[in-house]
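Subject: Handing over the structure

Hi there,

Here is the structure I promised to pass on to you. Have a look at it first, and then read on for what turned up.

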Amino acid sequence: MTAGAVTNTARPSVVLICHQEDVLDSQGIAGWLACDFALCGIVLIRDGGGARVRRLVREYGRLGLLRLIDVLLFRVYYRLRWARSDQKWQQRTLATLRARYRADISRLPRITVSNPNADEVATFITGLQPDFSVARCKHILRPEIFNIPRCGSYVLHPGICPAYRNAHGCFWALVNRDLANVGMTLLKIDKGIDTGPVYLRASYAFDELRESHIRIQQRVVLENLPTISAVFNALCRGAAQPLSADGDASANWGQPWLTAYLRWRSCLRKALRVTG
């Protein structure tokens, strides 16, 4: 039995950290956690324009001006091509999740912050004494936050780690035609960016012709919730061992580019012509 493991028969308790505007997380994932575990609180991150600007500044520092323009052009393209249909899909999917996981989350303790690393968040989580936490956010948590839960804090990462770390792993696996690595990773948070111990890698039968990368990276998680629940229960019992990562390539990928997206779609059309 590992240190901090749950030794009684009660359901493990969990805190969810997510963005306020991401309803699939703040309502859908929250409902799942409340049904399969004892969801004892929610940390809601209220993003403002400043957070988006900071992410763009980081991307500029990583890639330079021309590639930043490439990133911005892709965002414009996504809004014109995919945003409306993805929003409708999210509404349907949320309704399905709320019907499947019928938990009342309206009265749960919650805190709304602009920074999940704030001292008030540490105080909030410490007061709840959760067995583990699930972070569905774009922020890098500091140890003073992710070390509070007895069994640790975990990410449901949209990408196969360590090959596709950072926020858009599914996109880059599709661009690279690395279809075996289009999936999600359940990993424990450490001081790095998606570098912690891995406990699950999973995927689903995605349709890259009809599904956007956003829909794929959401579905790789949502289609595997029962398996994820089983892993979390094992972790809290001290019965889960991390998967081996020996010899695996590791890369930290950034925001999607329009030129990379067009390359992906071109390769897909060629592949369909060959198979058709």
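Let me begin with a question: is Arg142 buried, partly exposed or exposed? Before the answer, please keep in mind that this is a predicted model. Arg142 is partly exposed, because its relative accessible area is 24%, and a residue has to be under 20% to count as buried.

**The salt bridges around Arg142**

Searching the whole structure turns up 10 salt bridges. One of them joins the side chains of Arg142 and Asp119, with 3.0 Å from N to O. Arg142 sits in the loop between β4 (132–136) and α6 (143–146), while Asp119 belongs to helix α5 (residues 119–128), so this pair ties together parts of the chain that are 23 residues apart in sequence. Asp119 has a relative accessibility of 59% and therefore counts as exposed.

Arg142 has another partner as well: Glu144 forms a salt bridge with Arg142, and their closest N and O atoms are 3.4 Å apart. Glu144 counts as partly exposed, because its relative accessibility is 46%. Taken together, Asp119, Arg142 and Glu144 are linked in a network of salt bridges.

**Asp131 and its partners**

Which residue forms a salt bridge with Asp131? The partner is Arg150, and the closest N and O atoms of the two are 2.8 Å apart. This pair links distant parts of the chain, 19 residues apart: Asp131 is in the loop between α5 and β4, and Arg150 is in the loop between α6 and β5 (153–157).

**Arg62**

Next, please turn to Arg62, which lies in helix α2 (residues 49–63). Arg62 counts as partly exposed, because its relative accessibility is 44%. What does Arg62 touch, leaving aside its neighbours within four places in sequence? With those neighbours set aside, Arg62 is in contact with Asn252, Trp253 and Gly254. To place Arg62 relative to Arg150 from the section above, their C-alpha atoms are 36 Å apart in space, and the two residues are 88 apart in sequence.

**Helices α3 and α10**

The last item is a pair of helices. How do the axes of α3 (residues 65–81) and α10 (residues 258–275) meet? They come within 7 Å and cross at roughly 60 degrees, and α3 and α10 are therefore oblique to each other. On the α3 side, the contact is made by Arg67, Asp70, Leu73, Phe74 and Tyr77. On the α10 side, the residues are Leu258, Thr259 and Tyr261. Sorted by class, this contact of α3 with α10 has 5 nonpolar, 1 polar and 2 charged residues.

Enjoy exploring, and do write back with any questions.

Best wishes

Conventions:
Residues numbered from 1 in each chain as written. Predicted model: local features only at pLDDT ≥ 70, side-chain atom pairs only at ≥ 80, totals over all residues. Heavy atoms only, no water. Axes fitted to C-alpha atoms, helices over the stretch in contact; angles between N-to-C directions. Helix = DSSP H or I, 4+ residues; strand = E, 2+ residues; numbered from the N terminus. Parallel < 35°, antiparallel > 145°, perpendicular 65-115°, else oblique. Contact = heavy atoms within 4.5 Å. Nonpolar A, V, L, I, M, F, W, Y, C, P; charged D, E, K, R; others polar. Buried < 20%, exposed > 50% of the residue type's maximum accessible area, 1.4 Å probe, protein only. Salt bridge = Lys/Arg side-chain N within 4 Å of Asp/Glu carboxyl O.
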